[in-house]
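Subject: Handover of a structure

Dear colleague,

Please find below the structure that I am handing over to you.

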Amino acid sequence: MKRNFAIALFAASTLGVAARAVAQAPAVEATVPFEFAVGGKLLPADTYTITSSTSGVIMIRAADSHFWAETTAVQTNQQSSRGGALVFDKYGDKYFLHEVLDPNVAGLNVDVPKSKLEKTVQVQDAKYGGEPEVVLIASR
């Protein structure tokens, strides 16, 4: 009986530590007023929380958790001079997440690699002599 109680107590304390670790994961929050693509997924306009639980992977999750994407990312030395920001490349009316910059959140100064969709749109846009427009959204 004492052994079962000890095992249950250990399991409960382990779950509590894991929950605190998840809650303390570095996070950036931003309200994106337009539909955008990241990692091959199209996400609607919403408020998003971006976290990095493992090196090289970021999770983008909508406030209601109905929409999310997970993608690889590469640490960058790029810094935002005005605080945290999400950087998007815009081709015509299509937006693609390019960088997450936040000098206050360790592990979330990252470049997001171009998806196949973005590469296709970039090639099509280049035929018309277009360069992507860079769009910044402040994060908190």
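I begin with a strand pair. Strand S4 (residues 46-54) and strand S5 (residues 57-62) run antiparallel and are joined by 5 bridges. Here strands (E, at least two residues) and helices (H or I, at least four residues) are DSSP runs, numbered from the N terminus, and two strands are said to pair if DSSP finds at least two bridges between them. In this pair, Tyr48 stands opposite Ala62 in S5, and Ile50 has Ile60 as its bridge partner in S5. S4 and S5 form a hairpin with 2 residues between them. In its turn, Gly56 has a positive phi of about 90°.

Before I continue, two remarks on the source are in order. The model is predicted, so local features need pLDDT of at least 70 and side-chain atom pairs count only at pLDDT 80 or more, whereas totals for chains, interfaces and linings use all residues. Residues are numbered from 1 along each chain as its sequence is written, and side-chain values use heavy atoms, with hydrogens and water left out.

The chain as a whole

The chain has 2 helices and 11 strands. From the N terminus on, its elements run α-β-β-β-β-β-β-β-β-β-β-α-β. Of its 140 residues, 34% count as buried; buried means under 20% relative accessible area, exposed means over 50%, and partly exposed lies in between (1.4 Å probe, protein chains only). The accessible surface comes to about 8800 Å², as given by the Shrake-Rupley method with a 1.4 Å probe. Carbon and sulfur atoms account for 57% of that surface. Among the contacts with a separation of 6 or more, 49% are between residues 24 or more positions apart, where contact means heavy atoms within 4.5 Å.

Strands of a sheet pair through backbone hydrogen bonds, either parallel or antiparallel. In this chain, 4 strands form an open sheet in the order S1-S4-S5-S6, with antiparallel pairing. Its edge strands are S1 (27-32) and S6 (68-72), each of which pairs on one side only. From one strand to the next, the twist averages 20°, with axes being lines fitted to C-alpha atoms (for helices over the stretch in contact) and angles running from 0 to 180 degrees between N-to-C directions.

S1 pairs with S4 in the antiparallel sense over 6 bridges. The bridge partner of Ala30 in S4 is Tyr48, the residue that also stands opposite Ala62 in S5. In the loop between S5 and S6 one finds Ser65, a residue other than glycine whose phi is positive, near 65°. Ser65 is partly exposed, with a relative accessible area of 38%.

Strand S8 (residues 85-91) is mostly covered, as 7 of its 7 residues are buried. Cover is present on both faces: Ala85, Val87, Asp89 and Tyr91 are buried on one side, and Leu86, Phe88 and Lys90 on the other.

S8 pairs with strand S9 (residues 94-101) in the antiparallel sense, over 7 bridges. S8 and S9 form a hairpin with 2 residues between them, and Gly92 in the turn has a positive phi of about 60°.

S8 is also joined to strand S11 (residues 133-138) by 6 bridges, and these two strands run antiparallel. Here Leu86 stands opposite Ile137.

Two buried residues

Val135 lies in strand S11 and counts as buried, at 14% relative accessibility. Leaving aside its neighbours within four places in sequence, Val135 is in contact with Phe34, Leu86, Val87, Phe88, Lys90 and Tyr95. Between Val135 and Phe96 there are 9.6 Å from C-alpha to C-alpha, although the two are 39 residues apart in sequence.

Thr76 has its place in the loop between strand S7 (74-75) and S8. Apart from neighbours within four places in sequence, its contacts are Glu99, Leu101, Asn109, Val110 and Asp111.

Yours sincerely
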